[in-house]
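Visitor: Please take one part of this model and look at it closely. What packs against it, and how?

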Amino acid sequence: MSSATLLSDIEFYSGLFGPSGHEDLVIRAFAETVRALGYSASVDALGNVTVPVREASAGYPTFAVTAHLDEIGFVVRDIDPAGWLYLNRIGGVNDRVVAGQRLQVRSDSGELVEGHVGVKGAHVSTEAELATVVTVEEAYVDLLLSSREEVLAHGIRIGSPAAFVGPFSQRGALLRGKAFDDRIGVAALLELLRRLRDADFGAGFTLIATVQEEFSQRAGVPPVCAVRPDVLICLDIGLAADSPDHNAGGPRLGEGPVIHGFTRGRTGGGLIPNPALVRYMADAAAKHDVPFVHSTLRGGLTDGSYMQYAGAGITTIDLAFPVRNAHTAVEVAHLSDVEHLVGLVAHAITDAGRGQSFARG
(Lines give C-alpha, C1' and ligand atoms only; values in the text may rest on other atoms or scores of the structure.)
Protein backbone atom coordinates (compact mmCIF):
# COMPACT_ATOMS: atom_id res chain seq x y z
CA MET A 1 0.00 0.00 0.00
CA SER A 2 1.36 3.42 -0.91
CA SER A 3 1.30 5.75 2.08
CA ALA A 4 2.30 8.62 -0.21
CA THR A 5 -0.76 8.18 -2.43
CA LEU A 6 -3.09 7.78 0.54
CA LEU A 7 -1.62 10.84 2.23
CA SER A 8 -1.91 12.89 -0.95
CA ASP A 9 -5.57 11.89 -1.31
CA ILE A 10 -6.32 12.81 2.31
CA GLU A 11 -4.80 16.26 1.85
CA PHE A 12 -6.54 16.86 -1.48
CA TYR A 13 -10.03 15.63 -0.61
CA SER A 14 -10.14 17.17 2.88
CA GLY A 15 -9.32 20.54 1.33
CA LEU A 16 -12.28 20.51 -1.05
CA PHE A 17 -15.43 22.54 -0.35
CA GLY A 18 -18.45 20.28 0.04
CA PRO A 19 -21.01 20.70 2.82
CA SER A 20 -24.07 18.45 2.69
CA GLY A 21 -26.16 19.05 -0.42
CA HIS A 22 -23.32 20.98 -2.07
CA GLU A 23 -20.73 18.23 -2.59
CA ASP A 24 -20.31 18.78 -6.34
CA LEU A 25 -16.57 19.49 -6.28
CA VAL A 26 -15.98 16.32 -4.27
CA ILE A 27 -18.34 14.23 -6.39
CA ARG A 28 -16.58 15.34 -9.57
CA ALA A 29 -13.08 14.76 -8.22
CA PHE A 30 -13.92 11.31 -6.84
CA ALA A 31 -15.63 10.14 -10.02
CA GLU A 32 -12.75 11.42 -12.17
CA THR A 33 -10.16 9.63 -9.99
CA VAL A 34 -12.10 6.37 -10.17
CA ARG A 35 -12.41 6.59 -13.95
CA ALA A 36 -8.69 7.38 -14.27
CA LEU A 37 -8.05 4.10 -12.44
CA GLY A 38 -10.01 2.27 -15.11
CA TYR A 39 -13.36 1.76 -13.37
CA SER A 40 -16.82 3.07 -14.16
CA ALA A 41 -18.54 5.52 -11.81
CA SER A 42 -22.23 6.43 -11.93
CA VAL A 43 -23.71 9.45 -10.14
CA ASP A 44 -27.36 9.30 -9.11
CA ALA A 45 -29.85 12.16 -8.79
CA LEU A 46 -28.78 12.90 -5.20
CA GLY A 47 -25.06 12.83 -6.00
CA ASN A 48 -24.11 9.42 -4.63
CA VAL A 49 -21.29 7.77 -6.62
CA THR A 50 -21.41 4.01 -7.21
CA VAL A 51 -18.35 2.13 -8.45
CA PRO A 52 -18.94 -1.53 -9.43
CA VAL A 53 -15.52 -3.19 -9.11
CA ARG A 54 -16.30 -6.87 -9.68
CA GLU A 55 -19.20 -9.29 -9.59
CA ALA A 56 -19.15 -12.18 -7.14
CA SER A 57 -18.18 -15.63 -8.34
CA ALA A 58 -20.84 -18.30 -7.82
CA GLY A 59 -21.59 -18.82 -4.14
CA TYR A 60 -19.50 -15.89 -2.88
CA PRO A 61 -20.92 -12.84 -1.04
CA THR A 62 -20.94 -9.30 -2.39
CA PHE A 63 -19.43 -6.53 -0.29
CA ALA A 64 -20.22 -2.82 -0.58
CA VAL A 65 -17.87 -0.37 1.13
CA THR A 66 -19.10 3.15 1.74
CA ALA A 67 -17.86 6.53 2.98
CA HIS A 68 -19.52 9.93 2.74
CA LEU A 69 -18.40 12.80 0.53
CA ASP A 70 -19.95 15.69 2.46
CA GLU A 71 -18.81 17.72 5.45
CA ILE A 72 -20.54 19.76 8.13
CA GLY A 73 -21.25 23.35 7.18
CA PHE A 74 -23.74 26.17 6.99
CA VAL A 75 -26.38 27.83 4.84
CA VAL A 76 -26.90 31.61 4.68
CA ARG A 77 -30.29 32.37 6.23
CA ASP A 78 -30.22 36.19 6.17
CA ILE A 79 -28.17 39.15 4.91
CA ASP A 80 -28.70 42.42 6.74
CA PRO A 81 -28.44 45.90 5.15
CA ALA A 82 -24.85 46.33 6.36
CA GLY A 83 -23.75 43.09 4.65
CA TRP A 84 -23.51 40.82 7.69
CA LEU A 85 -24.48 37.20 7.02
CA TYR A 86 -26.44 35.00 9.42
CA LEU A 87 -26.39 31.22 9.23
CA ASN A 88 -28.21 27.96 9.70
CA ARG A 89 -26.08 24.94 10.51
CA ILE A 90 -25.71 21.80 8.42
CA GLY A 91 -24.90 18.89 10.70
CA GLY A 92 -23.45 18.82 14.19
CA VAL A 93 -21.44 22.03 14.23
CA ASN A 94 -19.95 22.66 17.68
CA ASP A 95 -21.00 26.15 18.85
CA ARG A 96 -17.85 26.44 20.97
CA VAL A 97 -15.55 26.69 17.95
CA VAL A 98 -17.56 29.07 15.76
CA ALA A 99 -16.55 32.55 17.02
CA GLY A 100 -13.55 33.90 15.10
CA GLN A 101 -13.57 30.99 12.65
CA ARG A 102 -12.70 31.54 8.99
CA LEU A 103 -15.33 30.32 6.51
CA GLN A 104 -15.80 30.04 2.78
CA VAL A 105 -19.16 30.90 1.21
CA ARG A 106 -19.86 29.62 -2.29
CA SER A 107 -21.35 32.10 -4.73
CA ASP A 108 -23.78 31.28 -7.52
CA SER A 109 -20.86 31.28 -9.98
CA GLY A 110 -18.93 28.80 -7.84
CA GLU A 111 -16.45 31.32 -6.43
CA LEU A 112 -15.44 30.60 -2.83
CA VAL A 113 -15.58 33.89 -0.95
CA GLU A 114 -13.69 33.87 2.33
CA GLY A 115 -15.14 35.46 5.45
CA HIS A 116 -14.96 35.03 9.19
CA VAL A 117 -17.32 34.88 12.14
CA GLY A 118 -17.21 38.17 14.00
CA VAL A 119 -16.21 38.37 17.66
CA LYS A 120 -17.12 41.14 20.11
CA GLY A 121 -13.85 42.53 21.48
CA ALA A 122 -12.88 41.53 25.01
CA HIS A 123 -12.38 45.19 25.92
CA VAL A 124 -16.08 45.98 25.48
CA SER A 125 -17.56 42.66 26.62
CA THR A 126 -19.14 42.05 30.00
CA GLU A 127 -17.92 39.24 32.21
CA ALA A 128 -21.07 37.32 31.36
CA GLU A 129 -20.47 37.78 27.62
CA LEU A 130 -16.89 36.60 27.94
CA ALA A 131 -18.13 33.39 29.55
CA THR A 132 -20.92 32.78 27.03
CA VAL A 133 -20.66 30.64 23.90
CA VAL A 134 -22.03 32.30 20.78
CA THR A 135 -24.26 29.85 18.90
CA VAL A 136 -24.31 29.39 15.14
CA GLU A 137 -27.71 31.04 15.06
CA GLU A 138 -26.37 34.12 16.89
CA ALA A 139 -23.13 34.38 14.92
CA TYR A 140 -22.58 36.91 12.14
CA VAL A 141 -20.20 36.53 9.20
CA ASP A 142 -18.00 39.33 7.89
CA LEU A 143 -17.10 39.01 4.19
CA LEU A 144 -15.28 42.39 4.16
CA LEU A 145 -18.22 43.74 2.17
CA SER A 146 -20.13 46.79 3.32
CA SER A 147 -23.73 46.29 2.23
CA ARG A 148 -26.34 43.74 1.24
CA GLU A 149 -26.01 45.00 -2.33
CA GLU A 150 -22.29 44.23 -2.39
CA VAL A 151 -22.91 40.74 -1.03
CA LEU A 152 -25.59 40.05 -3.65
CA ALA A 153 -23.31 41.43 -6.38
CA HIS A 154 -20.78 38.74 -5.42
CA GLY A 155 -23.41 36.07 -6.08
CA ILE A 156 -24.07 35.29 -2.42
CA ARG A 157 -27.69 35.09 -1.36
CA ILE A 158 -29.99 33.45 1.15
CA GLY A 159 -29.42 29.71 0.72
CA SER A 160 -25.74 29.98 -0.27
CA PRO A 161 -23.63 27.23 1.35
CA ALA A 162 -20.61 27.78 3.59
CA ALA A 163 -17.99 25.63 5.26
CA PHE A 164 -14.97 25.90 7.56
CA VAL A 165 -11.55 26.86 6.27
CA GLY A 166 -8.83 24.64 7.76
CA PRO A 167 -5.44 24.15 6.15
CA PHE A 168 -3.95 20.66 6.09
CA SER A 169 -0.79 20.02 8.10
CA GLN A 170 1.31 17.02 9.09
CA ARG A 171 3.90 16.17 11.72
CA GLY A 172 5.15 12.62 11.38
CA ALA A 173 2.14 10.31 11.17
CA LEU A 174 -0.20 12.84 12.79
CA LEU A 175 -2.44 14.79 10.42
CA ARG A 176 -4.56 17.88 11.03
CA GLY A 177 -7.22 19.49 8.87
CA LYS A 178 -10.89 20.07 8.22
CA ALA A 179 -13.42 17.56 6.91
CA PHE A 180 -11.47 14.44 7.92
CA ASP A 181 -15.05 13.35 8.64
CA ASP A 182 -15.32 11.78 6.16
CA ARG A 183 -12.81 12.69 3.45
CA ILE A 184 -10.31 10.33 5.07
CA GLY A 185 -12.93 7.65 4.50
CA VAL A 186 -13.16 8.77 0.86
CA ALA A 187 -9.36 8.53 0.50
CA ALA A 188 -9.54 5.05 2.06
CA LEU A 189 -12.05 3.97 -0.61
CA LEU A 190 -9.62 4.98 -3.34
CA GLU A 191 -6.71 3.24 -1.62
CA LEU A 192 -8.82 0.10 -1.27
CA LEU A 193 -9.59 0.24 -4.99
CA ARG A 194 -5.88 0.43 -5.81
CA ARG A 195 -4.95 -2.31 -3.36
CA LEU A 196 -7.46 -4.83 -4.69
CA ARG A 197 -6.97 -4.01 -8.38
CA ASP A 198 -4.83 -7.08 -9.10
CA ALA A 199 -5.93 -9.29 -6.19
CA ASP A 200 -7.42 -12.72 -6.80
CA PHE A 201 -10.63 -13.29 -4.84
CA GLY A 202 -14.16 -14.54 -5.35
CA ALA A 203 -16.29 -12.00 -3.49
CA GLY A 204 -18.17 -9.25 -5.26
CA PHE A 205 -17.06 -5.71 -4.48
CA THR A 206 -18.66 -2.29 -4.98
CA LEU A 207 -17.77 1.16 -3.66
CA ILE A 208 -20.47 3.67 -2.71
CA ALA A 209 -19.53 7.28 -1.92
CA THR A 210 -22.58 8.90 -0.35
CA VAL A 211 -23.84 12.47 0.09
CA GLN A 212 -25.75 14.34 2.81
CA GLU A 213 -24.62 12.05 5.63
CA GLU A 214 -24.11 15.02 7.95
CA PHE A 215 -27.59 16.32 7.15
CA SER A 216 -29.91 13.31 7.23
CA GLN A 217 -27.86 10.06 7.05
CA ARG A 218 -30.43 8.76 4.55
CA ALA A 219 -29.17 9.78 1.09
CA GLY A 220 -27.15 6.57 0.84
CA VAL A 221 -30.26 4.38 0.86
CA PRO A 222 -31.04 4.60 -2.92
CA PRO A 223 -27.63 3.36 -4.14
CA VAL A 224 -27.45 0.50 -1.66
CA CYS A 225 -30.95 -0.54 -2.72
CA ALA A 226 -29.65 -0.69 -6.29
CA VAL A 227 -26.48 -2.62 -5.41
CA ARG A 228 -28.15 -5.02 -2.93
CA PRO A 229 -24.91 -6.26 -1.31
CA ASP A 230 -24.77 -9.09 1.19
CA VAL A 231 -22.44 -7.10 3.45
CA LEU A 232 -22.09 -3.34 3.89
CA ILE A 233 -18.96 -1.86 5.48
CA CYS A 234 -19.29 1.79 6.45
CA LEU A 235 -16.05 3.78 6.92
CA ASP A 236 -16.31 6.88 9.10
CA ILE A 237 -14.72 8.53 12.11
CA GLY A 238 -14.45 7.23 15.65
CA LEU A 239 -13.84 9.49 18.64
CA ALA A 240 -10.29 9.34 19.96
CA ALA A 241 -10.08 9.19 23.75
CA ASP A 242 -6.53 10.42 24.25
CA SER A 243 -6.82 14.17 24.89
CA PRO A 244 -7.01 15.98 28.27
CA ASP A 245 -10.77 16.54 27.96
CA HIS A 246 -11.61 13.03 26.68
CA ASN A 247 -9.18 10.39 27.82
CA ALA A 248 -11.06 7.33 28.97
CA GLY A 249 -13.19 4.59 27.49
CA GLY A 250 -12.27 4.77 23.84
CA PRO A 251 -9.63 4.36 21.12
CA ARG A 252 -6.35 6.25 21.00
CA LEU A 253 -4.65 7.56 17.89
CA GLY A 254 -2.16 5.07 16.47
CA GLU A 255 -3.76 1.97 18.01
CA GLY A 256 -5.41 0.93 14.75
CA PRO A 257 -8.89 1.05 13.22
CA VAL A 258 -12.02 0.76 15.34
CA ILE A 259 -14.64 -1.99 15.09
CA HIS A 260 -17.78 -0.36 16.43
CA GLY A 261 -19.97 -2.83 18.29
CA PHE A 262 -22.67 -0.23 18.90
CA THR A 263 -23.51 3.27 17.68
CA ARG A 264 -26.38 5.46 18.86
CA GLY A 265 -27.31 8.99 17.81
CA ARG A 266 -28.36 11.72 20.22
CA THR A 267 -31.95 11.62 18.98
CA GLY A 268 -32.19 7.93 18.17
CA GLY A 269 -31.06 5.70 15.36
CA GLY A 270 -27.82 3.80 15.24
CA LEU A 271 -26.36 0.42 14.45
CA ILE A 272 -25.95 -2.80 16.41
CA PRO A 273 -23.90 -4.88 13.97
CA ASN A 274 -24.43 -8.54 13.24
CA PRO A 275 -22.35 -10.40 15.88
CA ALA A 276 -21.06 -12.88 13.28
CA LEU A 277 -19.76 -10.00 11.16
CA VAL A 278 -18.04 -8.43 14.18
CA ARG A 279 -16.30 -11.76 14.86
CA TYR A 280 -15.39 -12.12 11.20
CA MET A 281 -13.71 -8.69 11.18
CA ALA A 282 -11.85 -9.35 14.41
CA ASP A 283 -10.70 -12.75 13.12
CA ALA A 284 -9.47 -11.19 9.86
CA ALA A 285 -7.50 -8.61 11.83
CA ALA A 286 -5.92 -11.29 14.02
CA LYS A 287 -5.11 -13.52 11.06
CA HIS A 288 -3.29 -10.75 9.21
CA ASP A 289 -1.74 -9.00 12.24
CA VAL A 290 -3.80 -5.84 11.79
CA PRO A 291 -4.05 -3.88 15.07
CA PHE A 292 -7.58 -2.83 15.95
CA VAL A 293 -9.76 -1.66 18.82
CA HIS A 294 -13.27 -2.73 19.84
CA SER A 295 -15.31 0.32 20.83
CA THR A 296 -18.80 1.82 20.97
CA LEU A 297 -20.06 5.26 20.00
CA ARG A 298 -22.85 7.12 21.75
CA GLY A 299 -23.92 10.52 20.46
CA GLY A 300 -23.20 9.82 16.79
CA LEU A 301 -24.18 7.57 13.93
CA THR A 302 -23.39 6.98 10.27
CA ASP A 303 -25.46 6.55 7.14
CA GLY A 304 -24.93 2.82 7.61
CA SER A 305 -27.53 3.15 10.37
CA TYR A 306 -30.18 3.65 7.68
CA MET A 307 -28.58 1.86 4.73
CA GLN A 308 -28.86 -1.39 6.71
CA TYR A 309 -32.65 -1.28 6.29
CA ALA A 310 -32.56 -1.24 2.48
CA GLY A 311 -34.48 -3.98 0.69
CA ALA A 312 -34.79 -7.07 2.86
CA GLY A 313 -32.05 -5.77 5.18
CA ILE A 314 -28.26 -5.75 4.82
CA THR A 315 -25.62 -7.14 7.18
CA THR A 316 -23.81 -3.91 8.11
CA ILE A 317 -20.88 -2.81 10.25
CA ASP A 318 -19.25 0.52 11.11
CA LEU A 319 -15.45 0.55 10.90
CA ALA A 320 -13.69 3.72 11.94
CA PHE A 321 -10.44 5.67 12.12
CA PRO A 322 -10.24 7.65 15.40
CA VAL A 323 -10.02 11.45 15.32
CA ARG A 324 -9.59 14.20 17.85
CA ASN A 325 -11.61 17.45 17.69
CA ALA A 326 -14.41 15.94 15.60
CA HIS A 327 -16.60 18.36 13.63
CA THR A 328 -14.12 21.22 13.74
CA ALA A 329 -11.60 22.72 11.31
CA VAL A 330 -8.74 21.11 13.26
CA GLU A 331 -9.56 17.40 13.26
CA VAL A 332 -6.54 15.20 14.02
CA ALA A 333 -5.94 11.65 12.78
CA HIS A 334 -3.07 9.15 12.60
CA LEU A 335 -2.00 7.93 9.17
CA SER A 336 -1.25 4.38 10.32
CA ASP A 337 -4.84 3.97 11.57
CA VAL A 338 -6.09 4.70 8.05
CA GLU A 339 -3.53 2.38 6.46
CA HIS A 340 -4.56 -0.44 8.77
CA LEU A 341 -8.24 0.30 8.15
CA VAL A 342 -7.71 -0.18 4.42
CA GLY A 343 -5.79 -3.38 5.13
CA LEU A 344 -8.51 -4.77 7.37
CA VAL A 345 -11.25 -4.13 4.81
CA ALA A 346 -9.13 -5.60 2.00
CA HIS A 347 -8.48 -8.78 4.00
CA ALA A 348 -12.14 -9.08 4.96
CA ILE A 349 -13.14 -9.00 1.30
CA THR A 350 -10.43 -11.28 -0.06
CA ASP A 351 -10.77 -13.82 2.78
CA ALA A 352 -14.48 -14.39 2.16
CA GLY A 353 -15.09 -17.91 0.92
CA ARG A 354 -17.76 -19.63 -1.13
CA GLY A 355 -20.84 -20.07 1.03
CA GLN A 356 -19.69 -17.38 3.50
CA SER A 357 -22.71 -16.70 5.67
CA PHE A 358 -23.60 -14.17 8.35
CA ALA A 359 -27.10 -15.54 8.87
CA ARG A 360 -28.81 -14.73 12.17
CA GLY A 361 -30.37 -17.28 14.48
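Guide: Helix α1 crosses α5 in a right-handed sense (near helix turned clockwise from the far one by less than a right angle; anticlockwise is left-handed). Helices here are DSSP runs of H or I, at least four residues, and strands are E runs of at least two, numbered from the N terminus.

The model is predicted, so local features need pLDDT of at least 70 and side-chain atom pairs 80 or more, while totals for chains, interfaces and linings use all residues. Numbering starts from 1 along each chain as its sequence is written, and side-chain values use heavy atoms, without hydrogens or water.

Start with α1, residues 3–14. Its axis lies 9 Å from that of α5, at about 140 degrees (lines fitted to C-alpha atoms over the stretch in contact; angles run from 0 to 180 degrees between N-to-C directions). T5, L6, D9, I10, Y13 and S14 of α1 touch F180, R183, I184, V186, A187, A188, L190, E191 and R194 of α5 (heavy atoms within 4.5 Å). By class, that contact holds 9 nonpolar, 2 polar and 4 charged residues (nonpolar: Ala, Val, Leu, Ile, Met, Phe, Trp, Tyr, Cys, Pro; charged: Asp, Glu, Lys, Arg; polar: the others, Gly among them).

From α2, V26, F30, T33 and V34 meet R183, V186, L189, L190, L193 and R194 of α5. The classes are 7 nonpolar, 1 polar and 2 charged.

Within α2, V26, I27, A29, F30, A31 and V34 are buried (under 20% relative accessible area, 1.4 Å probe, protein chains only). These buried residues pack against α1, β1, β2, α5 and β12. A36 also belongs to α2. With a relative accessible area of 69%, A36 is exposed (over 50%). After α2 comes G38, with a positive phi near 100 degrees.

Last, α9, residues 335–351. Its axis and that of α5 come within 9 Å and cross at roughly 50 degrees. The crossing is right-handed. I184, A188, E191, L192 and R195 of α5 meet V338, V342, G343, V345, A346, H347 and I349 of α9. This contact has 8 nonpolar, 2 polar and 2 charged residues.
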